[in-house]
Amino acid sequence: MRALWPYVREHRRLLGAAAVFSIAAAALSLVQPVLVGRIITAVGDGAPLTGLVWALVGLLAAGAVLATIQYYLLQRTAESVVLTARTELIGHLLRLPMSEYRSRHVGDLVSRVASDTTLLRAALTDGVVEPLGGILVLVGALTAMMLLDPVLAGVTVLVVAIVVTASLHITRRLRALTFETQSRLGDLTGDLNQTLSAISVIRANGATDRVQARLGDRVRSAFDAGIRAARSGAAIQPLRQNRALGADRGLGRRLTT
């Protein structure tokens, strides 16, 4: 958040609106199991279903509308942040000391503007606003389970604590691996840019195959770094799914019985 705030500050109103819609959509999702439980009860009692069914349909429609607006606002904010970051980075690159241009590949600097800034979009969409709705759903589910079944709630809290601890450990490694992947990609971009700039000389000296082999090593290096990052990222997915699945199934089972 400290790193993102300078870029987000001027777009805080849009970001705040997106956060509000995210929380509202999460709140509606918490009401859905209650309505489903009432519908099941009404079926068992032979009571009229029309009102409950229409209420559920309206709830789902409202949730879809809120999610759509939230997604647009969030993506618009993310694109604005990337615009600001790229504009400032270009101004910074144009004013670097000349020694920096001699010690770095130009393609590497171009990669920072083209690819690295896009990570800001992912960080903003997945790491700032989306967790707000997730936290609300988690707190609401735990509160409902605490009222319905304290034992189930206690087990869920324990599972969530274990998952969060494991996820934090894995994400620390994933952060370093992602940085390594971007660095390898920057090396590849810089080397390729330099190669294409001198392609006539390379062909005149019959060095095409040798240069291709060197660039292939760069590609393989970026691939290996990406695979290591993918392994760490894959280790988090079962933890997230099991946490959500356990809470949702537990709450849904209690509400429908």
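1. In what follows, buried means under 20% relative accessible area and exposed means over 50%, with partly exposed in between. The model is a predicted one. By that scale Arg 184, with a relative accessible area of 26%, is partly exposed, and Glu 180, at 22%, is likewise partly exposed.

2. Arg 184 and Glu 180 form a salt bridge in which the closest N and O atoms are 2.8 Å apart. Both residues belong to helix H7, where a spacing of 4 residues separates them by about one helical turn.

3. Glu 180 also forms a salt bridge with Arg 228, the closest N and O atoms being 2.7 Å apart. Because Glu 180 lies in helix H7 and Arg 228 in helix H9 (residues 208–256), this pair ties together parts that are 48 residues apart in sequence. Arg 228 is partly exposed, with a relative accessible area of 27%.

4. A salt bridge of 2.9 Å, N to O, joins the side chains of Arg 214 and Asp 191. This pair links distant parts of the chain, since Arg 214 is in helix H9 and Asp 191 in helix H7, 23 residues apart. Arg 214 is partly exposed at 37%, whereas Asp 191 counts as buried at 4% relative accessibility. As for shared partners, salt bridges join Glu 180, Arg 184 and Arg 228 into one network.

5. Thr 195 is placed in helix H7 (residues 150–197) and is buried, with a relative accessible area of 8%. A polar atom of the Thr 195 side chain lies 2.8 Å from the backbone oxygen of Asp 191. Leaving aside residues up to four places away in sequence, Thr 195 touches Ile 202, Val 211, Arg 214 and Leu 215.

Key: Residues numbered from 1 in each chain as written. Predicted model: local features only at pLDDT ≥ 70, side-chain atom pairs only at ≥ 80, totals over all residues. Heavy atoms only, no water. Helix = DSSP H or I, 4+ residues; strand = E, 2+ residues; numbered from the N terminus. Buried < 20%, exposed > 50% of the residue type's maximum accessible area, 1.4 Å probe, protein only. Polar contact = N/O pair within 3.5 Å; in protein donor to acceptor, adjacent residues only side chain to side chain. Contact = heavy atoms within 4.5 Å. Salt bridge = Lys/Arg side-chain N within 4 Å of Asp/Glu carboxyl O.
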